[in-house]
Amino acid sequence: MEETGLTLGHIDHGPWGNDIFTREQKHYVTLFCIAQLATGEGEPENREPEKCEGWQWFDLHDLPQPLFLPLQNLLEILGPLADSRILIEQCGI
């Protein structure tokens with residue numbers, strides 16, 4: 001992943017999300033990829049600081065709130081994932 005400096009191994013394409021933000025009058029169709037790191041571990045780097053504040057790993061049972069609706073719905077689709085972490089982009093720029 002060029003934005004993080006991480007090397008990905010196996011990648012599963014999908015699922016996709018269809019999310020409507022009523023108050024904002026916006027509709028997002030989000031195409032997700034679920035990937036494993038090639039090395040099993042790694043710390044992300046922020047290689048595009050002009051576009052992104054940073055990246056951070058989170059345990060799936062200790063995610064920051066509130067979650068972006070497409071991510072919240074993805075986690076509901078996937079169900080419980082034991083011993084998993086998720087990499088979240090910190091945007092505000």
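1. Start with Phe21: in this predicted model, Phe21 is buried, at a relative accessible area of 14%, since the cut-off for buried is under 20%. The Phe21 ring pairs with that of Tyr28; the centres are 5.0 Å apart and the planes sit at 70°, so this is an edge-to-face pair.

2. Tyr28 is partly exposed, with 34% relative accessible area. Tyr28 also pairs edge-to-face with Phe68, at 5.6 Å centre to centre and 90° between the planes.

3. Now the core. The largest nonpolar core holds eight residues, among them Phe32, Phe58, Leu60 and Leu63. Helix H1 (residues 69-78) is the top contributor here, with three residues.

4. Which residues of H1 are buried? They are Pro70, Leu71, Leu74 and Leu75. These four span an arc of only 140° around the axis, so they lie on the same side of H1. Just after the helix, Gly79 has a positive phi of about 75°.

5. One for the surface: Trp16, Val29 and Leu31 make a nonpolar patch there, with about 380 Å² of accessible area together. Leu31 is part of strand S2 (residues 26-37) and is exposed, with a relative accessible area of 70%. For context, nonpolar side chains tend to be buried together in soluble globular proteins.

How values were computed. Residues are numbered from 1 along each chain as its sequence is written. This is a predicted model: local features need pLDDT of at least 70, side-chain atom pairs count only at pLDDT 80 or more; totals for chains, interfaces and linings use all residues. Side-chain values use heavy atoms; hydrogens and water are left out. A nonpolar core is a set of buried Ala, Val, Leu, Ile, Met, Phe, Trp, Tyr and Cys residues joined through side-chain atoms within 4.5 Å. Buried means under 20% relative accessible area, exposed over 50%, partly exposed in between (1.4 Å probe, protein chains only). Helices (H or I, at least four residues) and strands (E, at least two) are DSSP runs, numbered from the N terminus. Patches are made of residues with over 30% relative accessible area and no salt bridge: like charges are joined within 9 Å, nonpolar side chains (Val, Leu, Ile, Met, Phe, Trp, Tyr) within 5 Å. Accessible areas come from the Shrake-Rupley method with a 1.4 Å probe; for residues, only the protein chains shown count as cover. A salt bridge is a side-chain nitrogen of Lys or Arg within 4 Å of a carboxyl oxygen of Asp or Glu. The arc is that of the directions from the helix axis to the C-beta atoms. Rings of Phe, Tyr and Trp (its six-membered ring) pair if their centres lie within 6.5 Å; planes under 30 degrees apart count as stacked, over 60 as edge-to-face and the rest as tilted.
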